[in-house]
Amino acid sequence: MTALVSVESLSAVATRDRTPILRDVSLTLERGEVRGLVGESGAGKSTLGKALLGILPATIRVTGGWLRFEGRDLLSLPAKELRRLRGQEITLIPQDPQTALNPARTISAQLGDVLRMKLGLSGSAQHARALELLEEVQIRDPARVLASYPHQLSGGMRQRVLIASAFAPGPKLVVADEPTTALDVTVQREILRLIRRMQERHGTAAIFITHDLGVVAKICDSVTLLYAGKVVEAGPAVDLFANPREPYTRALLAAGPRYDQPGHGMEPVPDAVLEPLRADYLASLLHG
Amino acid sequence: MVEVALTRAARPPAERRRLVAEPRVAMAGGFLLAVALIAVFAPWIAPKNPLEQDLMSASLPPAGFADAAPGFWLGTDDLGRDVLSRLVFGARIALTVSLISATLAGFVGSALGLAAGFYKGIVDKVVSRLVEIWMAFPPVLLSVLLVAVMGSGVVSVIAAIAVIDWTRFCRVVRTETQAQAARDFAMAAQAIGFSRAHILWREILPNVAPVIVALLSLEMGVAVVVEAILSFVGLSVSSDTPTWGGMIAEGRQVLHESWWVLVFPLAALFATVLAFNLLGAGLKRVLDPVMRR
Amino acid sequence: MVETLLEAKGIEVAYGPARRATRVLHSVDFRIGRGEMVGVVGESGSGKTTLGRALLRLTPLSAGSIRFDGKEIAHLGLKQMRPLRRRMQMIFQDPMASLNPRHTIRAILTAPLFLHGVAADARAAEARVRETLGLVGVPATALERYPHELSGGQRQRVGIARAALLKPDFVVADEIVSGLDASTQAQALRLLKDLSREMGLAMAFISHDLSVIRAVCDRVYVMRLGEVVEEGLCEAVFAAPQSPYTRLLIDAIPLPVVDPSWLDADLTKELT
């Protein structure tokens, strides 16, 4: 049985100066699996997410490899097909609920867009479905929220709306791009719980992009750790956190502060660990 | 460029290069520089005396057309005066008026805007009220009134423009000052212990300066047009001194026989204002990203 | 018992017209001893940032008293505050916003020295600035640059350097490691801890991240909606939190340990 998503040796560079952004990245995703895509800033995780959604900017150019969704290579699909896939089979939960919603339109209008374009619903059917969706993401007063503008809702509420929007078309894959980074920690927990519930209920696979290893441990089945565009370690979450193989993984885990281990969290990743990774990056840079 | 000289802030060195590299600044700035030079050296550049009437050479078309006479490159008007020479001398009035009035309006407006935006409270209330009331006056009427009272002349025209347009500076500068004063670096300066006046002068003003500079350029364009309008209706300098607006007024009457008397000053006016606008837009683009980044 | 450096009682901060003012801080007490690192934790709207600014008299108080080194400063005017400013500094969250984009790093760092008469002349100021830059690990070549020409990490350190330059007794660090990579964050925390120890600096460390506070602070204040809900030694608060809100905050932190039950745990917060 083919995996839902299969990335094989994907490489990409910045169009202008050919700086490597992704180097030989491979990963697979089965139906219903939640994979965490982790790395520090600049590691390339956002780029990979964008590639999956087919929204790579013109400033980035793919130089090799395959990106298959249900067996089809997304990189060679015509734009029209990509547009149909995007927002239907593959959806996005964006990072910042504040900027992802149009401040000048009501929730009803924005959610309605998705329902109309992807599900062909309008009028009262659309309204009913919108109410259902909001209830599914545990919004207590869906009618009021539908009539509201984004600025009238809290960050957590806005994110729930975006999650509803992402699951509405019944996608096979949801790409969550740092969906809880801008939220308070207590709200984050609720949103993570919600995403996991929705994902389990709908059997949707998810790519969860984040820099927070703690979040990955709580919500992901498997993990892919990136450094400077290259996969450093990948595998089931249980294995990675219990027995990290690579020195970089261990160092990264040690660098983050933990309230159950005081004195932890002031050890930056040692140069000795970074050296081989940097050298490898430089080599890619020089060979173009 | 003259606008550059007006700012007091130290500018990052790379900016100088970037300023000239921006196409709008380079082209518009170059054009305006040329116009300024023409205006300054008018007596030497103008081929003929702009006031000299020669009825024998009246209404001659520009060079290249049938019946054109040598020496009158852009033709003559119905009194035999050389259009080119009048155009060149007209640039003097246009630039002098626009430079001085824009600077005056900019100075007064910016000073009040800075004070209102930074000190807030009663200062802001008073200035804002003043601006509101001032802007309620119909500008054209006000300028006509002023000129009527002060008599025609360059000084009256300059005063008329400055008196009306300072409000434009005041409002924009006030808003920008408020925005800058709310940023953390202003609070950081406060935390270090600098006085309010120091913060306004050394921290806020350099960050508001780019907006003022861009506005100045736009304002100069506006001033040129206002002067042209005033001279069009005969309320500007004395009718002897050639002005573009005056030339347009005269040219309007002989449009069908000698179109060149209208077209050339109109083109000069258009080009100059366009240049000021482009310069202002280009300056804003170059100077702002440094701050916003 | 550490000697108290700053003690604030009954701090109230409110904005807006008298009758319908929005209360941001309500009856807050705060105490910090010489050389102590005290954390202030809270979610958005907790008032932690406002508290930091109020302690430094950067925000006007509606009520309350602040005693700094025995002296009451809550009602001092600008002129009287100035000499005290040398002894109490702030490090801001966003160095891009807190460094004047139109000043060189040299200008930014030497200005405070001249203002407070700490440096006798330009040469002394330069020396002092270079020394401090060395302490925070920023190369001296940065002096010629403008803030936007430095990397994010370097800007962060310049912000720290600026605060440390005057050798203050008390520093408020407002969310200075939020949004940093794990590695960069670890470096910054290390730096702060070292500086604090070397200079005998008392530091109020404001953060929304309890784990970070646990790593560097001795004591912690937990804030919610403008009030202090719990206060105590980090060890004690984490081992046995008294307030249910503190409990909630601690439990909400995702540790890097796989634990499926974490998501399912019963959450007490009501949804609006």
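Tutor: Two residues are in contact if their C-beta atoms, placed from the backbone, lie within 7 Å. Keep in mind that this is a predicted model.

Student: In chain B, what share of the contacts with a separation of 6 or more comes from residues 24 or more positions apart?

Tutor: In chain B that share is 72%. The chain has 12 helices and 0 strands, so its pattern along the sequence is a run of α elements, α-α-α-α-α-α-α-α-α-α-α-α. Buried residues account for 46% of its 293 residues. The C-alpha trace of chain B spans about 75 × 45 × 25 Å along its principal axes.

Student: Which pair of chains has the most contacts?

Tutor: Of the 2 pairs of chains that touch, A and C have the most contacts. Chain C puts 34 residues into that contact and chain A puts in 40. On the side of chain C that touches chain A, α7 (182-199), α8 (210-216), α10 (244-252) and α11 (261-264) of chain C each supply at least two residues. The most comes from α7(C), with 7 residues. By class, this side of chain C has 21 nonpolar, 6 polar and 7 charged residues.

Student: How many residues of chain B are in contact with chain C?

Tutor: Chain B has 18 residues in contact with 20 residues of chain C. On the chain B side, α9 (184-192), α10 (196-232) and α12 (260-292) each supply at least two residues. The largest share, 7 residues, comes from α9(B). The residues on this side of chain B divide into 11 nonpolar, 3 polar and 4 charged.

Student: How far apart are the closest C-alpha atoms of chains A and B?

Tutor: They lie 18 Å apart, and no contact joins chain A and chain B.

Student: Now a helix pair. At what angle do the axes of α4(C) and α6(C) cross?

Tutor: The axes of α4 (residues 105-115) and α6 (residues 152-165) of chain C cross at roughly 20° and come within 9 Å. Angles under 35 degrees count as roughly parallel, which makes α4(C) roughly parallel to α6(C). Their crossing is right-handed.

Student: Which residues of the two helices meet?

Tutor: A general point comes before the list. An α-helix has 3.6 residues a turn, so residues three or four places apart point the same way. In this pair, C:Ile105, C:Ile108, C:Leu109, C:Pro112 and C:Leu113 of α4(C) meet C:Val158, C:Ala161, C:Arg162 and C:Leu165 of α6(C). By class, the contact has 8 nonpolar, no polar and 1 charged residues.

Student: Which residues of α4(C) are buried, and what covers them?

Tutor: The buried residues of α4(C) are C:Ile105, C:Ile108, C:Leu109, C:Thr110, C:Ala111, C:Pro112 and C:Leu113. Their cover includes α5 (122-136) and α6 of chain C, together with α9 of chain B. After α4(C) comes C:Gly117, which has a positive phi near 65°.

Student: Why does C:Gly152 count as partly exposed?

Tutor: A residue is buried if 20 or more other C-beta atoms lie within 10 Å of its own, and exposed if 12 or fewer do. C:Gly152 counts as partly exposed because it has 15 C-beta neighbours inside 10 Å. This residue lies in α6 of chain C. From C:Asp121 it is 31 residues away in sequence and 31 Å away in space, C-alpha to C-alpha.

Student: Turning to sheets, in what order do the 4 strands of the open sheet in chain A lie?

Tutor: Strands of a sheet pair through backbone hydrogen bonds, either parallel or antiparallel. In chain A the order is β2-β1-β4-β5, and the pairing is antiparallel. The edge strands, β2 (20-29) and β5 (72-73), each pair on one side only. Between β1 (residues 5-14) and β4 (residues 60-69) of chain A there are 8 bridges, and A:Val7 has A:Leu67 in β4(A) as its bridge partner. Helix α1 (residues 45-53) of chain A packs on the sheet, where it touches β1, β2 and β4; its direction makes about 60° with that of β2(A).

Student: How many residues lie between the strands in the hairpin of β9(A) and β10(A)?

Tutor: There are 2 residues between the strands, and A:Ala228 in this hairpin takes a positive phi near 45°. The antiparallel strands β9 (residues 222-227) and β10 of chain A are joined by 6 bridges. A:Leu225 stands opposite A:Glu233 in β10(A). Strand β10 (residues 230-236) of chain A is mostly covered, with 5 of its 7 residues buried.

How values were computed:
Residues numbered from 1 in each chain as written. Chains lettered and ligands numbered in written order. Predicted model: local features only at pLDDT ≥ 70, side-chain atom pairs only at ≥ 80, totals over all residues. Pairing = 2+ DSSP bridges. Axes fitted to C-alpha atoms, helices over the stretch in contact; angles between N-to-C directions. Parallel < 35°, antiparallel > 145°, perpendicular 65-115°, else oblique. Left-handed = near helix turned anticlockwise from the far one by under 90°. Nonpolar A, V, L, I, M, F, W, Y, C, P; charged D, E, K, R; others polar.
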